[in-house]
Amino acid sequence: MAPAVTSLTEASNGHETEVASIKRLAASAALSSVPSEYTYTKNPNEQGDANDPEHSIPTIDFALLTSGSPDQRAKVIEELGRACEEWGFFQVTNHGVPERLMKSMIDACHRFFDLPEEEKKEFQTKNLLDPIRCGTSANVAIEKVRLWRDFLKVIAHPEFNSLYKPAGYSEVSLEYSKRTREVATEILKGISESLGLEADYIAKAMNWNRGLQILAANYYPACPQPDKAIGIPPHTDHGLVTLLIQNEMGGLEVKHKDQWVLVNATPGAFIVNIGDQIQILTNDNYKSIWHRAVVNNKATRISIAVPHGPSLDTPALPIPELLEREGQAPKYVGMTYEKFMELQASPAALTKPCLDHLRI
């Protein structure tokens, strides 16, 4: 059992010692190389490539999904199903969320990370589902290599939570969480229909009206040796669908056909990926894809991922109608979403992928 620690502390000889935020470490004038505890070794044969058109994530036109003609909608739903089957990632354009709101959300999170370290300490907690939680790396109590990132995670649904500082954060995050949830709801309908199900099938099965939504901001400062550090190592997302935006600095890489692909998103688009719960529901027909965040030596990257999941007490199980149609046996046992999230944050997730723990 890992020792109980806060996000910015770790156990050392029976005592808790503070682990500096990566923002504070990177700002040190004496920093010219990556400290040993942050040294991460990548496979040299798995470098990202954003220039190959064969390795560009698909684009889904949200306007045609929601207000196009029946023929246009059917075509987009088919494209959405193909994107979930072949990539697990896609970008969504013409979604109606103002770019100024997206930029305001990034700016508000940037202002939070710029707060003095002392002011952020009240939000440093160790509990996975605390309404507001900030910290550095991921879990310093169990990880072998620390991550080149600080984070802020705020639960926005089923109950909206927010920060009282910095000024303006609460108002922007309320509007942003509402708008992203609206987009995610329509995407989930499209995914349901792409499977030949009623539009609201997955939402009803997963108790979407009580579903979890988290605003997860990541701060990746410039790194003196980006090839020797990692922002977030390869992982899959635990939920149903995640919507991501970033500032002008890229860094998201997706594993596609055994190659890491650097994602170049259209300005103003959402980068969307399906999570582990969708893979379970579809019995592996739609895949939750491995992805990672790399760092750079030029400027700070800020990303905001908004994972949307079932309600915490809902277990995902392969959809019976799909199993019957495909003549398949279920490949997964059920586990509540809360337990699945706890599994992903536990030492067990370091030994094998979370989905493999549920595989029959």
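Guide: Happy to! Around the largest cavity, the lining residues divide into five nonpolar, four polar and three charged (nonpolar: Ala, Val, Leu, Ile, Met, Phe, Trp, Tyr, Cys and Pro; charged: Asp, Glu, Lys and Arg; polar: the others, Gly among them). The model is predicted, with pLDDT of at least 70 needed for local features and 80 or more for side-chain atom pairs, while totals for chains, interfaces and linings use all residues. Numbering starts from 1 along each chain as its sequence is written, and side-chain values use heavy atoms, without hydrogens and water.

The structure holds two cavities of 30 Å³ or more (on a 1 Å grid over the protein atoms alone, points where a 1.4 Å probe fits but cannot get out; lining residues have an atom within 4 Å of a point). The largest cavity contains about 70 Å³ of space (the volume filled by probe spheres set on grid points joined across faces, edges and corners). Its lining has 12 residues, and Ser21, Lys120, Cys134, Gly135 and Asp150 lie nearest the centre. At least two lining residues come from each of helix H4 (99-113), helix H5 (117-120), strand S5 (132-136) and strand S6 (150-157) (DSSP runs numbered from the N terminus: helices H or I, at least four residues; strands E, at least two). With three residues, S5 gives the most to this lining.

Now move to the second largest cavity, which holds about 30 Å³ of space. Look for Met105, Cys109, Leu152, Val154, Tyr169, Leu215, Ala216, Ala217 and Ile304, the residues that line this cavity. They divide into nine nonpolar, no polar and no charged residues.

For a contrast, here is an open space. The second largest pocket has a volume of about 460 Å³ (a pocket is an open set of points with protein on both sides within 12 Å along at least five of seven lines). Its lining has 20 residues, and Gln246, Asn247, Glu248, Pro267 and Gly268 lie nearest the centre. The elements that give two or more residues to this lining are H4 and strand S9 (241-246). H4 provides the largest share, five residues. By type, the lining of the second largest pocket divides into 10 nonpolar, six polar and four charged residues.
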